[in-house]
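Thanks for coming, everyone. I'll walk through this one chain by chain, then look at a few places in detail. Please keep the structure open while I talk.

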Amino acid sequence: MINVVLLGVVYILMGVGFAFILNLLGIFNLAHGAIFVSAAYGCYLMVVKLGLPGFVAFPLTVLAAAAFGVLVERFLFRPMKADFNRTIMVCIALSTILVTTFNRFMGTRALSIPPFIAGTTGIGPYKVETDRILAFCIGIVILVAIILFVDRSRWGARMQAVTQNREGAALQGIRFGQIAAIAVAVGFGLAAIGGVFMGTLYNLTPFVGDVTLIKVLMLVILAGLGSFNGIFYVGALLGVLYGALPVVLNGAVVDALASIMVLALLIIRPRGFFGHE
Amino acid sequence: MNEVMNISPAVEESTATGETSRTKARRWPGMSVVGALFIVLALLPLGISGSYYMHVLILTFVYVAIASSWRVVSISGQFNIAIGAFMGIGAYAAAIPSVWLHWPPWVTIPLGAVAATILGAALAFPFARLRTIYYAMGTLFLGYVVINLITAGGKTTGMSTGLGGVQPLFGDRRYYYYLTLGLMIVSMFSMYRFEFSRIGVRMKAVSQSHQVAASVGIGERRNRILAVAFGSFFAGLMGAVYCHYQGVASPSSYGLGATLWIIMYVLVGGINSFWGPAVGVGILMVIPEFFFRDLKGDLPYVTAAILLIIAFTMPEGIVGLLKLARDRVFARLRRKEVDLDASGG
Amino acid sequence: MRKTKWGLCLILLVLVLGLVTVLAACGDNKDTTTTTAQAPTETTAQAPTETTAPVSSEPTTPVPTETLRIGAILSLSDWYSVVDAADKVDLEYVAQMINDDGGIQVQGKNYKIELVIEDGKSSLDGNTAAATKLVLDEKLSFVVGPGAFFNLATTPIFEQNKVLHVANYNGLNPAEMNKDTTYAFLGLDPITQANAELKSLMLYYPDVKTVCLATEDATYPAFEPHFNALVERLGLTLSGPPVLFATNAEDYNPVASKIKAQNPDAVWMPVAIDPSYFGITKGLRTLGYEGPLSFPIDAPSVTGALGDVATGIVGVLSKQIIDPNISAPMKRLLEMGDPDRHVFGLGPNALYILAHAIQAADSLDPTEVRDHWETMTSIPTLYGEGFPSGSQLFGLASHAWAHPIPVALVDNGQVEYKPWIIPDVTP
């Protein structure tokens, strides 16, 4: 059961990050999966090669990803002037470079980041790895923090203003460049958190990002563009779907059935469940 | 500006004959270049027969037609991220009867094209009310569903490993070369006619503003479905030919990755010009295959570098850049003539 | 301002084009240098005609050395490169090993192996392109690889051009190898691997009567009848319907709970990739399942990824230098590089047996090599003495080969190496 919920949390983290970038910059960040994988590899390198403890490596990875996000925004996204076609090209190039690099230099073994806390905790008859519970708690805390950040803080208000009306926000003295940099940094940081979770709990290959990217797209489409809250509900739904369906069905049929369900929902409600114009 | 232009005798002539003949006159040299290129391509097998280059060129012809068909759909304002899936529908509609029922290729290839057209039109229906990014996301998802269905298809589709043993059309590679070259020319010609016909103009109108288009009696839904059906016909046809040539059909050739690369061909070449897709395939496919194949695992870096260079320096793609360059050269020539006239007179 | 921008663009374009030509030239240069380094002798394409020319070389006089170019298809980019990038290293070591021993001896001449490696790009299309390139441009007569199900794409091309090709491993799809593909050879009959997994499981856990079959879904349709026949031959029963999963899944816990629900004596996972094996093992142990698991492993990877969770594992095909039972050629291969690396040993083994087959046939003509190879009843492999297997299964006698298979038991994160097992011949 906790697996289902945890997978949902990872999807939500990724989805929120993706939605941040999409809503504020209008960029379809196809490199999101690559960032996710890079963060996982980065954390792996820090823990295994540099011998840092997990509690240091984890925040360090997230900060590094956020800093990388700022750089990407400044040098890759901003010169594209929000041209949809050009940003897609840049994202694909970025993703290709990252994935190829990790594949060339790290790819020959399926890796797994060592757990932060070893062992299992028993809840009644069920045993669960302590790590998973920890990851789940951290995930929830971060999600709550994000909600508070968007809803309560001044930056959050500015972001919402930009999402709703970019010109209007500019007239109010909100600097778009700053907001964009923060959005990409937060987006990449969240992807990094998701990546580290995936890396500790499951296994790591350079191409795992593609699969996750599809799930994230599914989540964002279903939730509806411009909606943050929707992502939480739909993320939980997807987590349940992907946690429960493989128990009843075999292999590839799971993906097929889940995707058909999502497509049907999409045709019925093109704006997603919680989307608005 | 008009005054200036009138001083130059060459321009004077063309403005005198009016707008249409000017564009025609401008188009002729372009057309002759294309014609010459086709003739060169038709004679090429004499030189490169039985080499790997031929294989690359065959694939190039297939992808030029497919990338162009994607662009035809895009002129009606639809950013369709399911083109690979339509190619896949064509391929599997041809491969399944070929492998399991032993139907001859001359039946299965048209079958693939027709299947892709019908499914394309049928699937376009529910999507016709989605616009812009919603349409892009919806079709992205549609492509994902199609690939998932193929992967879950059990023994019939070969699942994610793909389906082997598709009967070949010919034993000799040269015939494939001429077949794909011929099909490419025919499809490019039909797409050219389509785009610059009244239907094409309607589609562009729909893409610019569906409300205005509707106000002058251009139905949005009908035109958009027509564009998708027309585009997926060529995608399906080439997909079917492609899988008979390769002898295999596998979902990885038609998934999201493959689709994105087809779109990259168009964007690199230039989405706003008819020859953009052809140029894009030439840049992104032929250059890496011809010159960089030895890099093997590092090859993706080359394509990524090409993408970055194009994205940074050529917002309208390569053909867009050429067009701009041509306009600037013309403008400068005119200015020079003006200067000469001014100093002489 | 705008003028300078355009100037910049132009310079960039020129630079890129210049780079393209320079790099292309470099690529060509590299090719020519490797061939010129091997003296101005002719290479393989004309080799058969060459050998008909009178060669008067006594065994005592220094034997002339020539080059034999052997192709190899490996997927060096995209997902399958996880396996093939490692295989490439070992393939080159095996070629070096054979060359150090004097190369392949054919008709009194010594042929050094020069590998021509092409990238199969982890897709059927990429493999078609690679095979086409090897056949048309390089004009090779012998090719090693590809692995996995990619033979679907390459077998027709090689058969049509009469190129002898030795696959590393295949998915038992009839399009990969059947009675008409007479130039197709196979380094490891996959059923013998599965047989070794079950045999060692029964040897070290004699109480096991029922096994749960958990395997990757895409290749299962082709394997199904052979797996069922195998289980029957060994006197085991399946605990329920096979548990199938997709190898791109992120979370294997649902699969694990499904396996546990069948409550088998043991779990058998014949075909999958490392993430699936590890994910399922982790899942089963977390759920409290205590029966043994049998699957192909690389011992350090298993202990590295799973730690103490790695318990009750019967692993086959782990090639480690500390294994006391290791075969001599495999030991030599491991010593050539970092001995702790993950050796998949599929492509390298295919090259090893191909070299021996060419030498045994004493010819460089692929058809003659094939005809002689079909009469052989044993061949040296990297794993020891190889024997033909699966003549009925593939419809070809002496085309698919099998060899002794390493066995290791993993308990509480500790690895114990056991004597290698000789699998039963597949009918």
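Read chain A along its sequence and you get this pattern: α-α-α-α-β-β-α-α-α-α-α-α-α. That is 11 helices and 2 strands. One caution before we go on: this is a predicted model.

How much of chain A is buried? Of its 277 residues, 57% are buried. Now take the contacts in chain A with a separation of 6 or more. Residues 24 or more positions apart account for 76% of them.

Let's pick one pair of helices in chain A. Helix 6 covers residues 154–164, and helix 8 covers residues 176–201. Their axes come within 10 Å and cross at roughly 105°. How do we describe that angle? Angles of 65 to 115 degrees count as roughly perpendicular. Helix 6 and helix 8 of chain A are therefore roughly perpendicular to each other.

Which residues meet there? From helix 6 of chain A we have A:Trp155, A:Arg158, A:Met159 and A:Val162. Across from them, in helix 8 of chain A, are A:Phe176, A:Ile179, A:Ile182 and A:Ala183. Sort the residues of this contact by class: 7 are nonpolar, none is polar and 1 is charged.

Next, chain A against chain B. How many residues does each chain bring to the contact? Chain A gives 28 residues and chain B gives 35. On the chain A side, three helices each supply at least two residues: helix 4 (84–106), helix 9 (208–223) and helix 11 (252–268). That side of chain A has 20 nonpolar, 4 polar and 4 charged residues.

While we are at chain B, find B:Arg131. It sits in the loop between helix 7 (105–127) and helix 8 (132–151) of chain B. Is B:Arg131 buried, exposed or partly exposed? It has 17 C-beta neighbours inside 10 Å, so it counts as partly exposed. Now find B:Ser207. B:Arg131 and B:Ser207 are 76 residues apart along the chain, yet their C-alpha atoms are separated by 9.7 Å.

On to chain C. Its secondary structure comes to 14 helices and 17 strands. Chain C has 427 residues, and 55% of them are buried. For contacts with a separation of 6 or more, residues 24 or more positions apart account for 68% in chain C.

How is chain C divided into domains? The assignment gives domain 1 as 63–188 + 327–404, and domain 2 as 191–324 + 408–421. Each domain is written as two stretches of sequence. The C-alpha centres of the two domains of chain C lie 28 Å apart. Where they touch, 19 residues of domain 1 are in contact with 14 residues of domain 2. Which element gives the most on the domain 1 side? That is helix 11 of chain C, residues 328–336, with 4 residues. By class, the domain 1 side has 10 nonpolar, 6 polar and 3 charged residues.

Now helix 9 of chain C, residues 274–286. It has 13 residues and reaches 18 Å from its first C-alpha to its last. That is close to the 18 Å expected at 1.5 Å a residue. Among the buried ones are C:Tyr277, C:Phe278, C:Ile280 and C:Leu284. After helix 9 of chain C comes C:Gly288, with a positive phi near 90°.

C:Ser81 is buried, because 28 other C-beta atoms lie within 10 Å. C:Asp119 is 38 residues away along the chain, and the two C-alpha atoms are separated by 9.4 Å.

Last stop: helix 12 (residues 347–361) and helix 13 (residues 366–373) of chain C. Their axes come within 9 Å and cross at roughly 95°. That makes helix 12 of chain C roughly perpendicular to helix 13 of chain C. From helix 12 of chain C, C:Ala357, C:Ile358, C:Ala360 and C:Ala361 take part. They meet C:Glu368, C:Val369, C:His372 and C:Trp373 in helix 13 of chain C. The residues of this contact divide into 6 nonpolar, 1 polar and 1 charged.

Technical notes: Residues are numbered from 1 along each chain as its sequence is written. Chains are lettered from A and ligands numbered from 1 in the order in which they are written. This is a predicted model: local features need pLDDT of at least 70, side-chain atom pairs count only at pLDDT 80 or more; totals for chains, interfaces and linings use all residues. A residue is buried if 20 or more other C-beta atoms lie within 10 Å of its own, exposed if 12 or fewer, and partly exposed in between; C-beta atoms are placed from the backbone. Two residues are in contact if their C-beta atoms, placed from the backbone, lie within 7 Å. The expected span of a helix is 1.5 Å times one less than its number of residues. Ala, Val, Leu, Ile, Met, Phe, Trp, Tyr, Cys and Pro count as nonpolar, Asp, Glu, Lys and Arg as charged, and the others, Gly among them, as polar. Domain bounds come from an automatic or database domain assignment. Axes are lines fitted to C-alpha atoms, for helices over the stretch in contact, and angles run from 0 to 180 degrees between N-to-C directions. Angles under 35 degrees count as roughly parallel, over 145 as roughly antiparallel, 65 to 115 as roughly perpendicular and the rest as oblique.
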